[in-house]
Amino acid sequence: MTPAAPHGARPRAARRPRSLALLVALVVAATTACTAPAPPDDATTTTTPTSRTSPSEPAATEPTETEEPPASDDAGAAESPEEAFRAWLAASRAPDVEVACGYMEPALVDRMVAEMTAQGWPGITDCASMVTTTAALYAALGSVADVEIQVREERPDAVVLGVVYASGSCGSAVMVPDGTRWRIGEQSQEEC
């Protein structure tokens with residue numbers, strides 16, 4: 001999800017699954033891995049789920065990195081940065097590709113895809129393949145999506161969340177405003 005400590009500072013074999021888990025978890029929020037730019041796509045898909053607690057209907061077209069986060073059920077009610085991060089986390093584990101990708105800034109997606117590709121992850125070409133692959137990994141590992149979130153800093157251009165996963169991974173998720181919504185920004189990073 002984000003820039004991490006130098007890879008030489010930790011053993012690769014011991015950290016790769018943890019980094020991927022953190023990447024997906026904070027990815028968005030921006031935490032472990034970084035990504036490379038996916039080819040631009042002129043067609044953009046927007047989804048508006050009927051309920052944040054029920055799964056979204058599958059899209060007729062493949063999602064892109066420029067998708068909009070889902071609209072809130074409550075007219076005029078703004079989603080908090082913490083709620084946005086939790087919604088992204090749930091969608092990234094389901095996986096609900098459209099919703100998960102919609103909560104991530106394109107620059108974050110690009111960094112994450114690039115890092116995963118550089119690490120040799122097969123088939124990672126865009127946000128959809130990244131979310132699908134990492135969700136399958138989390139499911140195979142029996143990883144739970146439990147997370148503690150604390151607001152570290154509120155700025156006019158972002159809210160910085162401290163995120164700690166049940167696995168012990170942690171990082172900062174830089175949430176950037178997008179209208180009445182929040183997206184996980186490129187500056188998110190892994191910290192432990």
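Reader: Is Arg152 buried, partly exposed or exposed?
Author: Arg152 is partly exposed, with a relative accessible area of 44%. Buried means under 20% relative accessible area, exposed over 50%, and partly exposed in between, computed with a 1.4 Å probe on protein chains only. This is a predicted model, in which local features need pLDDT of at least 70 and side-chain atom pairs count only at pLDDT 80 or more, while totals for chains, interfaces and linings use all residues. Residues are numbered from 1 along each chain as its sequence is written, and side-chain values use heavy atoms, with hydrogens and water left out.

Reader: Which side chain does Arg152 meet in a salt bridge?
Author: Its partner is Glu191, at 2.9 Å from N to O. A salt bridge here is a side-chain nitrogen of Lys or Arg within 4 Å of a carboxyl oxygen of Asp or Glu. The pair links distant parts of the chain, with Arg152 in strand 1 and Glu191 in the segment after strand 5, 39 residues apart. Helices (H or I, at least four residues) and strands (E, at least two) are DSSP runs, numbered from the N terminus. Glu191 is partly exposed, at 37% relative accessible area.

Reader: How many salt bridges does the structure hold, and which residues are linked in a network?
Author: There are five salt bridges. Glu153, Arg155 and Asp157 are linked in a network. The closest N and O atoms are 3.8 Å apart for Glu153 and Arg155, and 3.0 Å apart for Asp157 and Arg155. Arg155 is partly exposed, with a relative accessible area of 27%, and Asp157 is partly exposed at 48%.

Reader: Changing topic, how many disulfides are there?
Author: The structure holds two disulfides, a disulfide being a pair of cysteine sulfur atoms within 2.5 Å. Cys101 and Cys127 form one of them, with sulfur atoms 2.1 Å apart. Cys101 lies in helix 3 and Cys127 in helix 5, so this pair ties together parts that are 26 residues apart in sequence. The torsion about the S-S bond of Cys101 and Cys127 is about -105°, so the disulfide is left-handed.

Reader: And how far apart are the sulfur atoms of Cys170 and Cys192?
Author: They are 1.6 Å apart in the model, and the two residues form a disulfide. Cys170 lies in strand 3 and Cys192 in the segment after strand 5, so the pair ties together parts that are 22 residues apart in sequence. Cys170 counts as buried at 11% relative accessibility, whereas Cys192 counts as partly exposed at 32%.

Reader: What polar contacts does the side chain of Glu79 make?
Author: Glu79 makes a polar contact of 2.9 Å with the side chain of Tyr103 and another of 2.4 Å with that of Arg181. A polar contact is a pair of N or O atoms within 3.5 Å; within protein, one must be able to donate a hydrogen and the other to accept it, and residues adjacent in sequence count only if both atoms are side-chain atoms. Glu79 is found in the loop between helix 1 (12-27) and helix 2, and is buried, with a relative accessible area of 2%.

Reader: Lastly, which peptide bond is cis?
Author: The bond that joins Ala94 and Pro95 is cis, with omega about -15°. Pro95 has its place in the loop between helix 2 and helix 3.
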